[in-house]
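Hello,

Here is the structure I promised to pass on.

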Amino acid sequence: FYFVVIIMNNKLTKGILVFVLYLLIPMIIGMFLPSLNNSNLLSVLVRFIIDVGVIALFIYLFKDDFKEYNKGLVKNPKKVIGVGLLFALFAFIAMPICNIILHVLNVSASDTNNDTINTLYGVIPLYMMFQTLIYSPIVEGITFRKVFKDAINNKWLFIIISGFVFGLYHIIYNMTSLTQILLMLPYFVVGMLYAGAYSKTDNIYSAFIATFVYNLAVFVINLL
């Protein structure tokens, strides 16, 4: 009980818990459920329930902060939403520029992460829409933006480290050589932009909106 009280009253401890859970939960799920490519309706439903539980848990851990975010959104929706939309546009511009840079550097820009997502959209479209448009903006926003901003007081150091960890996470499991670490560049830049949106308003909803809008734009383009 004392340990639980410490966690609930310490942002750094809660941040560490959130980050560890974010890394461990997919691994644990993978041990007991089939891969998404081979999923049946029941396993997808179980994943969905777990995902909703993770969202609820992460928000609950920072419930007092979310009360302030809600007040900020109601008080100044134009700024919170506007910054989110603006940084989503920046991300949409930055991603192809980063891919051009990788091409110039002769680094294979094959994006295993996006390729997998696009494949799964054809297999389990409704669940993937939930994953990319709801789960990822909220859970990644809390894990890579909220947690790091609480731990790092310097604005630019927070933005850089948040973007770096976000980028590294998206490529590290598919790296086959050291040079492929450069493939994190697009995610690094986009991660910094999401962190920048949060830093600009000090409201996590700006980061949520930026991620949601960018993911939605990519989803619509892939449909065309």
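A word on handedness before the helices: a crossing is left-handed if the near helix is turned anticlockwise from the far one by less than a right angle, and right-handed if clockwise. Please keep in mind that this is a predicted model, in which local features need pLDDT of at least 70 and side-chain atom pairs count only at pLDDT 80 or more, while totals for chains, interfaces and linings use all residues. Residues are numbered from 1 along each chain as its sequence is written, and side-chain values use heavy atoms, with hydrogens and water left out.

**H8 and H9**

The crossing of H8 and H9 is right-handed. Helices here are DSSP runs of H or I with at least four residues, numbered from the N terminus. H8 spans residues 155–171 and H9 residues 185–201; they pack at about 140 degrees with axes 7 Å apart (axes are lines fitted to C-alpha atoms over the stretch in contact, and angles run from 0 to 180 degrees between N-to-C directions). That makes H8 oblique to H9, given that under 35 degrees counts as roughly parallel, over 145 as roughly antiparallel, 65 to 115 as roughly perpendicular and the rest as oblique. By class, their contact has 12 nonpolar, 7 polar and 1 charged residues (Ala, Val, Leu, Ile, Met, Phe, Trp, Tyr, Cys and Pro count as nonpolar, Asp, Glu, Lys and Arg as charged, and the others, Gly among them, as polar).

**H7 and H9**

H7 also packs against H9, at about 60 degrees with axes 10 Å apart, so the two are oblique to each other. Their crossing is right-handed. From H7, Arg-145, Lys-146 and Lys-149 meet Gly-191, Tyr-194, Ala-195, Tyr-198 and Ser-199 in H9; contact means heavy atoms within 4.5 Å.

**The core**

The largest nonpolar core has 60 residues, and Phe-66 and Ile-142 have the most contacts inside it. Such a core is a set of buried Ala, Val, Leu, Ile, Met, Phe, Trp, Tyr and Cys residues joined through side-chain atoms within 4.5 Å, where buried means under 20% relative accessible area with a 1.4 Å probe, protein chains only. Helix H7 (residues 125–151) gives this core its largest share, 10 residues. Leaving out residues up to four places away in sequence, Ile-142 touches Val-18, Phe-58, Ile-59, Phe-62, Phe-66, Val-147 and Phe-208.

Thr-132, found in H7, is buried at 9% relative accessible area.

Best wishes

Conventions
Buried means under 20% relative accessible area, exposed over 50%, partly exposed in between (1.4 Å probe, protein chains only).
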